[in-house]
Amino acid sequence: MPVVASDEKSGLAVCVATRLDELSPYADQWNRLAYESVQQKPSLSYAWISSFLEHRMRPRESWFCLLGLKGQELVGVLPVVVKPRGLFGLGPHRLCTPADFHTLSVDLLARPEHLGAIIPLFLRAIDKVQPRWFCLEVSHIQETSPSIAAIGAGLPGVTTVTRYDGFGYFLKLPENLELIRSTWSYNFRKQMNRVGRRLRELNGFKENVLRGKDATVESFQKLLDVEASGWKGRRGTAIKISPSLAQFYISLCQRLAEAGWLELYFLEVEGKTIAASMVVRLRSTGVGLKIAYDEAYQKYSPGYLIIEYKLREAIALHQIDTFDFVSDSKWQKSLGPSTRDYFSLYIYPRHPIPLLFGACPRKAYLFLRRVPGVLPVYRWLARLRRREERE
């Protein structure tokens, strides 16, 4: 792979990869960076990004990946998707980190001690790879991301705009599950006790968890089957219905299992699976990615009960201290979670076109959002965009 930027003082060099086989030799080092990162997001890993680049690229999109090296050691990664040019293919290149409805929060990844030096190198590398780039969007990254502080401190040659991008729920795990349950409302706690007792009385009730390499693709297929049996199947949004999306998740599960991070949870009664969930366990965080249940058993609240099972297992193992729900779904609020803010970063090179048609309009737009009546229109447009991404 060619070296496109280097810094003698820090000893760092940036190489550019444009094929998946160029990324695979760095798989273990890349996964280790994600596992040890402050962000604690599986979407930063080789397992996730390689699956996205293999199965989720849209027509006319291309990609390249910047690898920051110190000698033979991988110390930073920035995957970049190149969007199709507008204006009959004559416009400048719009760049972003991998993102769609199933891939959120892909941040710049780097060892903390190298972050300050590697970000300018990555930007210099982008200038070499895509000389006419218009903007780099780093979307939906959490407030504790080192990138926000490093980029917000100012970078030479670029202008940065930061946009608030909603929040997500998470739970700090105490010593036992009862401490979590004590934060629930009396009615909700009473309901969970009642439906849990009734479900356990059914014939063949069983809780089961598969971890690491035991979490096979065949086991994951159970989750896909349960999801497709309900409203997502009827609406055509279930994973199983989209071949490319199903293959993305299958490849992702294979790679997460090989890394030892994947956990699959199941509730079974009467000889069949009635609820299933997918969790990725990193250094200090469990990330809940997918959950599905059989609507024929809806009166037993299997979705909530399998979450309770996941939390009970996580606390019992004492291996993580946080459970991240990722999203801000209203039904999760009953569990008494805390919230974490997310932001998107827009990085524009200081050239006339990006500044006049990119940075300045976006800053004006963010200002106008504060004007009464503008925010509801913005939210309506955002819902339309999310709907298109789902489809």
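Here are some worked exercises on helix packing, a pocket and the cavities of this predicted model.

Before we start, residues are numbered from 1 along each chain as its sequence is written, and side-chain values use heavy atoms, with hydrogens and water left out. Because the model is predicted, local features need pLDDT of at least 70 and side-chain atom pairs count only at pLDDT 80 or more, while totals for chains, interfaces and linings use all residues.

**Exercise 1. Work out how H3 and H10 are arranged, and which residues meet.**

Step 1: Helices (H or I, at least four residues) and strands (E, at least two) are DSSP runs, numbered from the N terminus. H3 covers 46-55, and H10 covers residues 243-259.

Step 2: Look at the geometry. Two packed helices are described by the angle between their axes and the distance between the axes. Axes here are lines fitted to C-alpha atoms, for helices over the stretch in contact, and angles run from 0 to 180 degrees between N-to-C directions. The axes of H3 and H10 come within 9 Å and cross at roughly 155°.

Step 3: Name the arrangement. Angles under 35 degrees count as roughly parallel, over 145 as roughly antiparallel, 65 to 115 as roughly perpendicular and the rest as oblique. So H3 and H10 are roughly antiparallel to each other.

Step 4: List the contacts (heavy atoms within 4.5 Å). From H3, Ala47, Trp48, Ser50, Ser51, Phe52, Glu54 and His55 meet Ser244, Gln247, Phe248, Ser251, Leu252, Arg255 and Leu256 of H10. Sorted by class, this contact has six nonpolar, six polar and two charged residues. For the classes, Ala, Val, Leu, Ile, Met, Phe, Trp, Tyr, Cys and Pro count as nonpolar, Asp, Glu, Lys and Arg as charged, and the others, Gly among them, as polar.

**Exercise 2. Describe the second largest pocket.**

Step 1: Know the terms. On a 1 Å grid over the protein atoms alone, a cavity is a set of points where a 1.4 Å probe fits but cannot get out, and a pocket is an open set with protein on both sides within 12 Å along at least five of seven lines; lining residues have an atom within 4 Å of a point. Grid points are joined across faces, edges and corners, and a volume is the space filled by probe spheres set on the points.

Step 2: Give its volume, about 190 Å³.

Step 3: See what lines this pocket. Among the residues are Asp28, Arg32, Tyr35, Tyr46, Glu258 and Trp261. H2 (27-36), H3 and H10 each supply at least two residues, and H2 gives the most, with five. The lining has six nonpolar, one polar and four charged residues.

**Exercise 3. How many cavities of 30 Å³ or more are there, and what lines them?**

Step 1: Count them: the structure holds two.

Step 2: Take the largest cavity, at about 90 Å³. It has 13 lining residues, and Glu263, Tyr265, Arg281, Ala314 and Ile320 lie nearest its centre. H11 (302-317) contributes the largest share, four residues. The lining has six nonpolar, two polar and five charged residues.

Step 3: Turn to the second largest cavity, with about 70 Å³ of space. Its lining includes Leu78, Phe122, Val138 and Ile347. The largest share, four residues, comes from H4. By class, this lining has eleven nonpolar, no polar and no charged residues.
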